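Have the model open in your viewer and let's walk through it together.

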Amino acid sequence: MAKRIEVSGLHAYYGGVHAIEDISMTVEPRSVTAFIGPSGCGKSTFLRTLNRMHEVIPGARVEGKVMLDEEDLYGPSVDPVAVRRTVGMVFQRPNPFPTMSIYDNVAAGLKLNGVRGKARLDEIVEESLQGANLWNEVKDRLGKPGAGLSGGQQQRLCIARAIAVRPQVLLMDEPCSALDPISTLAIEDLIGKLKNQFTIVIVTHNMQQAARVSDKTAFFNIAGTGAPGRLIEIDDTSKIFTNPEQKATEDYITGRFG
Amino acid sequence: MTSETGVQAQARAAERRPMRDLGTGRFGDKLFEWAARGSGLLVLGIMAAIAIFLIWKAIPALRANEANFFTAETWDPNATPPKFGIAQLAFGTVMSSLIAMLIATPVAIGIALFISFYSSRKVASGLGYVVDLLAAVPSIVYGLWGVSVLVPHMEGISKAINAVLGWIPLFGGDGVGKASIFTAGVVLAIMILPIISSISREVFLQVPRANVEAALALGATRWETIRLAVLPYGRSGMIGAAMLGLGRAMGETIAVALVLTFVPGINIHILQDGGATFASNIANSFSEASETGRGALIASGLVLFVITLLINMAARAVVARRKEFV
Ligand SMILES: Nc1ncnc2c1ncn2[C@@H]1O[C@H](COP(=O)(O)OP(=O)(O)O)[C@@H](O)[C@H]1O
Ligand SMILES: [Mg+2]
């Protein structure tokens, strides 16, 4: 169920703007890797290259290699739609489909994958909502609109929607930044549970969060405005937060940044 | 009361105070309030005056009418005694407008989807601009184009439809022609197509990027993304666009009057020559109508108004039914 990601020499562009430069890293299966770094250093951009969501922005393109186990995600015969079914994504702002019920939100991806039959759908929807620690809160109102839930519940609904299709990898872009502390804790608990099944990559602005949830931490930085973002270092989370190799990393985590 | 601080008392007072009391009492606020209220009342007043005037004009004709105004198919208000009913007009109006809406809406939405999601950015902005421009052209221009270019070909098209679908009574009958309700519907479809397309495109522009990305990230193809995120979100807007088109089609006058040849009586075979609509009937007969005849036409206009109103209400009901989700 979980696969290794190996990135080498990756560059991403928005039209003529070079957004990230020469990134190489390995993400182990069944682990949580956190991306930290100042705003605008390309964390989201890099994350979106991992499921080929970067290229849906007009003019955006990618160079370099991303391997998911043996498969080159940017290989010539690879369908980006298929990639996105294998590599799920959770966004910064909860984005359940506003016109759909809770149930239909979770079932949306399943239906795309051709899962048919009410019994089968019911089963996977329940399983996914259980998996997202949301089942108990919504089991009596599955037919109600997903947009009627609280922000934290909506985000867990989005996680349920993403894991319902059994992805190999789950990407999360600051999933807690729009949430209150209690909901944030609920999501962090959930990440701890999900990593038994999925390879998880999470972008976070919150260094305590990175320290709490991740096994590895990657620090990104930019040389200055307009310069492309770079990966400064990636290592075990405990090492990054106690004894990083690079001075820039240390400055950032101790708050002496800039 | 004694334990309540000033701040708490203020907060409680603010809670009780409804929105409308938020005015500061300044002269500008007061002036604006009266201007807004005044223009609202003025609009209502004018509309009421028009309605009363029309009803007052229609009543003598309706009194003199010897036929049933709602069920009679003849329209002879200038005869003595006057006999007229709206049944044929209502049938022609509703039928031709429905045909127009059924033809125009899918095509218009298809065009809007193509511009919004399938064409490159450059083409999209160019085409979008063109569609908006086309929507601003008075529909009579398309109507005249339809009458002069399309109508000559309609006989062949109608014959083909009649040959294939003739077993459906609506498309049945012998000797189909081009001066039919169906032709009127097709011309009306062309007239309302740009406005439906333009509004649909506007609606699609409103779809939040986040919804589209959510669908894409689930591994939806472009068409699946449209089905998951775009169409459900734009549903009420598209219904609104179609209804607006239907309303326009119903009120359309000259083009329909140019297409139809008047043959008295409701004819269910809409491919055959004949038919009349409220608007075409008014356009054709108002100038030669007697006093009673004008009253009768005004009465038919009022019925058209009521039908349009009912359709609007129905559309609102459709939109409101799933309001919980929008
Ligand atoms: N849609 C876009 N179009 C053009 N430039 C973009 C777009 N999204 C991000 N960028 C640019 O790419 C760089 C990296 O942004 P981003 O990946 O969002 O950073 P982060 O997530 O680390 O805050 C920034 O300079 C940003 O301005
Ligand atoms: Mg970001």
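Helix α3 (residues 87–118) of chain B packs against helix α4 (residues 121–136) of chain B at an angle of about 145 degrees, with the axes 8 Å apart. Here axes are lines fitted to C-alpha atoms, for helices over the stretch in contact, and angles run from 0 to 180 degrees between N-to-C directions. Helices (H or I, at least four residues) and strands (E, at least two) are DSSP runs, numbered from the N terminus. In this pair, Ile111(B), Phe114(B) and Ile115(B) of α3(B) meet Ala124(B), Leu127(B), Gly128(B) and Val131(B) of α4(B), where contact means heavy atoms within 4.5 Å. That contact splits into six nonpolar residues, one polar and no charged; Ala, Val, Leu, Ile, Met, Phe, Trp, Tyr, Cys and Pro count as nonpolar, Asp, Glu, Lys and Arg as charged, and the others, Gly among them, as polar.

Before going on, a word on provenance: this is a predicted model, local features need pLDDT of at least 70, side-chain atom pairs count only at pLDDT 80 or more, and totals for chains, interfaces and linings use all residues. Residues are numbered from 1 along each chain as its sequence is written, chains are lettered from A and ligands numbered from 1 in the order in which they are written, and side-chain values use heavy atoms, leaving out hydrogens and water.

Now look at another pair in chain B: the axes of helix α6 (residues 181–206) and helix α8 (residues 222–251) come within 9 Å and cross at roughly 155 degrees. That makes α6(B) roughly antiparallel to α8(B) (the label for angles over 145 degrees). The residues in this contact divide into 15 nonpolar, five polar and one charged.

What about the two chains? Chain A puts 24 residues in contact with 21 residues of chain B. Between them the chains bury about 2000 Å², 65% of it on carbon and sulfur atoms; buried area is the accessible area (1.4 Å probe) that two parts lose on being put together, summed over both. The rule finds two salt bridges across this interface, each a side-chain nitrogen of Lys or Arg within 4 Å of a carboxyl oxygen of Asp or Glu. Glu213(B) and Arg48(A) meet through their side chains in a salt bridge at 2.8 Å, N to O.

Last, the backbone. A cis peptide bond links Thr80(B) to Pro81(B), with omega about -5 degrees, and Pro81(B) sits in the loop between β1 (75–76) and β2 (83–84) of chain B.

How values were computed: Parallel < 35°, antiparallel > 145°, perpendicular 65-115°, else oblique.
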